[in-house]
Amino acid sequence: MKGELLLVSSVILAFHAAWGCPETCTCQPSAKMVDCSYRGLLEVPSHLPPQTQALYLQGNQIQVITLTSFTNVPGLRILDLSNNSISRVPPYAFHYLRSLQALNLTNNRIHNLEGQVFTPLLALKELDLSYNNISALPESLGNNTQNLTFLGLKYNQLQTADRMVLDTFPNLKVLLAKSNPWQCNCPVLGLKLWLENLLYKGGIIDELICTSPENRKGKDLLKIPFEMFKSCPPFTASFPMAKIHHHSSEHRYNGRHGHHMDITDGSHSGCEPKPKPRPVSLRHAIATVVITGVVCGIVCLMMLAAAIYGCAYAAVMAKYHRGLKEVERLAPVAEHGSPEEKEPLDGTLA
């Protein structure tokens with residue numbers, strides 16, 4: 001029995017050595033997966049199998065990611081670094097991960113994001129930065145990440161988000177950003193417009209609850225009417241509108257098709273802005289009017305058809321009843337004959 005166990009152990013060790021699996025990890029060569037989760041690791045294991053496509057490092061005590069942590073796994077597609085003690089991610093830490101599609105950095109201690117951290121991730125689709133202490137998004141966050149469809153930012157220290165950064169995610173479908181100390185003053189108007197546009201395109205947003213100013217505290221940013229921002233200075237209204245259009249004599253913005261919204265009073269360009277109706281509500285209202293008109297038209301046509309049918313039916317029935325009465329009137333005469341026809345018959349019998 002001992003000999004068999006020794007043989008099995010030797011085979012496993014030889015297999016791990018052949019594939020290059022770290023001793024503290026579990027490897028599945030057929031799935032090209034390496035599981036190093038909850039092993040008490042202080043750093044990313046070295047000598048990872050080059051064929052690895054999924055690497056799970058969650059639940060350890062990793063504090064530092066170096067520029068060479070992932071150099072030998074260029075084909076990596078899934079990387080889970082959640083529930084560690086990472087406080088900083090250096091620029092180009094993921095420089096060699098050109099095939100990475102999902103990156104999980106939740107529940108760490110990240111305060112600031114370097115400008116070039118995610119730039120090399122050309123194939124990235126899911127990025128989760130929730131449960132950290134991030135207070136600002138770098139301007140280059142969206143550089144080369146046009147394929148991103150999921151972005152998790154909840155439970156951080158974000159007070160605002162630059163609309164120009166968010167516009168670099170044209171394919172974003174889901175944004176989770178709740179439980180941040182959002183400041184809903186004038187600069188947040190650009191974020192609000194971007195969120196409205198994302199919802200209009202069918203995107204998903206959880207909630208953005210304001211913590212300031214006092215008159216908006218506890219309110220969802222998406223539910224605050226644009227009229228509440230009418231006192232904002234002109235520069236806060238100059239945000240790209242991105243497919244949100246509105247035309248009226250009192251609310252106009254320069255440029256073609258609303259690419260830049262400069263709300264004016266019609267006399268001085270860039271003067272005090274006027275509130276702009278919510279684009280989603282406007283489009284919904286137009287759609288409702290069109291649908292209602294179509295339904296009413298169909299109902300009217302049905303009523304007209306019913307009236308014509310009723311009139312035709314009444315005319316036919318009236319004609320039928322007249323014919324029936326004529327038949328009933330002539331029936332006795334036809335049955336007994338006329339008096340002139342009866343007299344010759346009576347005389348003959350006599």
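User: How many cavities of 30 Å³ or more are there?

Analyst: The model is a predicted one. A cavity is a set of points where a 1.4 Å probe fits but cannot get out. With the limit set at 30 Å³ or more, the count comes to 2 cavities.

User: Into which classes do the residues lining the second largest cavity divide?

Analyst: The second largest cavity holds about 40 Å³ of space. Its lining consists of Leu 153, Ala 161, Leu 166, Leu 175, Ala 177, Trp 182, Leu 191 and Leu 208. Leu, Ala and Trp count as nonpolar. The lining therefore divides into no polar, no charged and 8 nonpolar residues.

User: Which strands stand at the edges of the open sheet?

Analyst: The open sheet is formed by 9 strands with mixed pairing, in the order S1-S2-S3-S4-S5-S6-S7-S8-S10. Each edge strand has a single partner strand, so one side of each is left without a neighbour in the sheet; these strands are S1 (26-28) and S10 (204-205).

User: Which residue of S8 is the bridge partner of Gly 152?

Analyst: Strands of a sheet pair through backbone hydrogen bonds, either parallel or antiparallel. Strand S7 (residues 150-152) pairs with strand S8 (residues 174-176) in the parallel sense, over 3 bridges. In S8, the partner of Gly 152 is Leu 176.

User: What is the distance between the closest N and O atoms in the salt bridge of Glu 114 with Arg 88?

Analyst: The model has 3 salt bridges by the rule applied, and one of them joins Glu 114 and Arg 88. This pair links distant parts of the chain, 26 residues apart: Glu 114 is in the loop between strand S5 (102-104) and strand S6 (126-128), and Arg 88 is in the loop between strand S4 (78-80) and S5. A salt bridge requires a nitrogen within 4 Å of a carboxyl oxygen. Here the closest N and O atoms are apart by 3.4 Å.

User: Is the peptide bond from Ser 212 to Pro 213 cis or trans?

Analyst: Most peptide bonds are trans. Pro 213 is placed in the loop between strand S11 (210-212) and H4. The bond from Ser 212 to Pro 213 has omega near -5°, and it is cis.

User: What is the phi of Tyr 38?

Analyst: Most residues other than glycine have a negative phi. Tyr 38 lies in the loop between strand S2 (33-35) and strand S3 (54-56). Although Tyr 38 is not a glycine, its phi is positive, at about 55°.

Note on methods. Residues are numbered from 1 along each chain as its sequence is written. This is a predicted model: local features need pLDDT of at least 70, side-chain atom pairs count only at pLDDT 80 or more; totals for chains, interfaces and linings use all residues. Side-chain values use heavy atoms; hydrogens and water are left out. On a 1 Å grid over the protein atoms alone, a cavity is a set of points where a 1.4 Å probe fits but cannot get out, and a pocket is an open set with protein on both sides within 12 Å along at least five of seven lines; lining residues have an atom within 4 Å of a point. Grid points are joined across faces, edges and corners, and a volume is the space filled by probe spheres set on the points. Two strands pair if DSSP finds at least two bridges between them. Helices (H or I, at least four residues) and strands (E, at least two) are DSSP runs, numbered from the N terminus. A salt bridge is a side-chain nitrogen of Lys or Arg within 4 Å of a carboxyl oxygen of Asp or Glu.
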